[in-house]
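Take a look at the model shown here.

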Amino acid sequence: GYVVGGTLPASIAAHWLATAWDQNAPHPAAAPGVAAFERTALRWIADLLGLPPDAAGAFVSGASAGNLCGLAAARHAVLASAGWDVDAQGLFGAPAVTVVVGHEVHPSVTKALGVLGFGRERPMRVPVDSQGRMRADRFPRLTGPSIVCLQAGNVNTGAFDPISEIAEQAHRDGAWVHVDGAFGLWAQASPRRRHLCDGIAQADSWATDAHKWLNVPYDSGLVFVRDREALRAAMGVSAAYLASSGEAACDLTPELSRRARGVDAWAALASLGRSGLRELIERCCVHAQRFAQGLRAAGHEVLNDVVLNQVLVRFGDADTTRRTIEAIQLDGTCWCGITEWQGRTAMRISVCSWATTADDVDRSLAAMIRCARDCRLPSNGRSGAALS
């Protein structure tokens, strides 16, 4: 019902070890071993996701924090290009910054924009198509300091904005391009899904989660920024006792103290390898397609093109759909959540755990179809039993 990964055995074992070590990860002088794990994991992840090898990378609590860091770097860079040092002078008197998002931007991005002083309602919203993708033909011309926020993996449909086309136009206008890829960015690890990410390397910053499709324990997210100095300017800390000859993670994120998240990610990648991660991603997508096919065959309406791991389904009108979702949740075989998408009430299915099997999908499908059938019966039929 939510985009929640499982926990790989290797990553949970590493998590326990890292907890026992109790290292404060953001500074290499205090925890050089942990810093080495994190540098290696970041290099591997940047390679898997097709990001520039020299981009600054750091572990954060999740994509919400990753979006905040990437957009803070963007704010610094676009205002610096206009002759304004926002980190020293703040936003009072600063040149106006145009921010562009899609109509179905994720709330974590709008939250970050609000925290950074851009406002949650002020950004320009571009219309989207029937799958939630930003429409390139409606993308505005930009002048002055500008930031464009794109989406790799719509939280309801799994759809991707046309990143290559919009990034090219945005860069012609001098804008910074940020990609929110909480789970969708991992499509890069699958040759069958990689086309969805076309143009991803053209962006300037990226945010994603490790606790979703990499299947490490909570909490673990990532930010990558092409302009290392912009991220350091936005997030750096100045303290004599923290001076170090090497780059410290605390200069790239808001945190001065945190657990060693990178150890979990290193263990997940070391145990899976490139081929194992590819197989995990592709298997989850196949499971999502299996859900969609089974629900369509039973006569229910699947609302999205199932291009990744997300499925949206309706069981009739809004009231029937709500009652069916309640019945499925009470049944206990599986748990799926409710959503409102483009004016329609729907049930949302997400598959991103390494432990999900075809048998799990079939058992869940049977429960969904049974609950939907019971909720369509007259009130003197079986629907009361289904909801009791």
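This report covers some helix contacts, then a few residues in loops and one in a helix.

## Ground rules

This is a predicted model, in which local features need pLDDT of at least 70, side-chain atom pairs count only at pLDDT 80 or more, and totals for chains, interfaces and linings use all residues. Residues are numbered from 1 along each chain as its sequence is written, and side-chain values use heavy atoms, without hydrogens and water.

Helices (H or I, at least four residues) and strands (E, at least two) are DSSP runs, numbered from the N terminus.

## Helix H1 against helix H8

Helix H1 covers residues 9-21, and helix H8 covers residues 261-297. They pack at an angle of about 150 degrees, and their axes are 8 Å apart. An axis is a line fitted to C-alpha atoms, for helices over the stretch in contact; angles run from 0 to 180 degrees between N-to-C directions. H1 and H8 are therefore roughly antiparallel. Angles under 35 degrees count as roughly parallel, over 145 as roughly antiparallel, 65 to 115 as roughly perpendicular, and the rest as oblique.

The crossing of H1 and H8 is right-handed. A crossing is right-handed if the near helix is turned clockwise from the far one by less than a right angle, and left-handed if anticlockwise. On the H1 side, the contact uses Ala10, Ser11, Ala14, His15, Ala18 and Trp21. On the H8 side, it uses Val263, Asp264, Ala267, Ala268 and Ser271. Contact means heavy atoms within 4.5 Å. The residues of this contact split into 7 nonpolar, 3 polar and 1 charged. Here Ala, Val, Leu, Ile, Met, Phe, Trp, Tyr, Cys and Pro count as nonpolar, Asp, Glu, Lys and Arg as charged, and the others, Gly among them, as polar.

Helix H3 spans residues 63-80. At 1.5 Å a residue, its 18 residues should span 26 Å, and its end C-alpha atoms are 25 Å apart, which agrees. The expected span is 1.5 Å times one less than the number of residues. In H3, 15 of the 18 residues are buried, so the helix is largely enclosed by the rest of the structure. Buried means under 20% relative accessible area, exposed over 50%, and partly exposed in between (1.4 Å probe, protein chains only).

H3 packs against helix H5 (residues 107-115) at about 45 degrees, with axes 9 Å apart. That makes H3 oblique to H5. Ser64, Asn67, Leu68 and Leu71 of H3 meet Ser108, Val109, Ala112, Leu113 and Val115 of H5. This contact has 6 nonpolar residues, 3 polar and no charged. H3 also packs against helix H7 (residues 228-235), at about 100 degrees and with axes 8 Å apart. H3 and H7 are therefore roughly perpendicular. The H3 side includes Leu68 and His76, and the H7 side includes Leu231 and Met235. Here the residues are 10 nonpolar, 1 polar and no charged.

## Inside and after helix H5

Which residues of H5 are buried? They are Ser108, Val109, Thr110, Ala112 and Leu113. Their cover includes H3, strand S2 (98-102), strand S3 (124-126), strand S4 (146-151) and strand S5 (176-180). Just after H5, Gly117 has a positive phi of about 90 degrees.

## Loop residues

Asp22 lies in the loop between H1 and helix H2 (32-48). It is not a glycine, yet its phi is positive, about 55 degrees. Asp22 counts as exposed, at 64% relative accessibility. Gln342 sits in the loop between strand S10 (337-341) and strand S11 (344-350). It is not a glycine either, and its phi is positive, about 50 degrees. At 34% relative accessibility, Gln342 counts as partly exposed.

A cis peptide bond joins Tyr218 and Asp219, with omega about -10 degrees. Asp219 is in the loop between strand S6 (205-209) and strand S7 (221-225). Ala82 is in the loop between H3 and helix H4 (86-89). Ala82 and Pro145 are 63 residues apart in sequence, and their C-alpha atoms are 6.8 Å apart in space. Not counting residues up to four places away in sequence, Ala82 touches Pro95 and Pro145.

## Leu280 in helix H8

Leu280 belongs to helix H8. Is it buried or exposed? Leu280 counts as buried, at 1% relative accessibility. Leaving aside neighbours within four places in sequence, it is in contact with Trp213, Asn215, Leu272 and Trp354.
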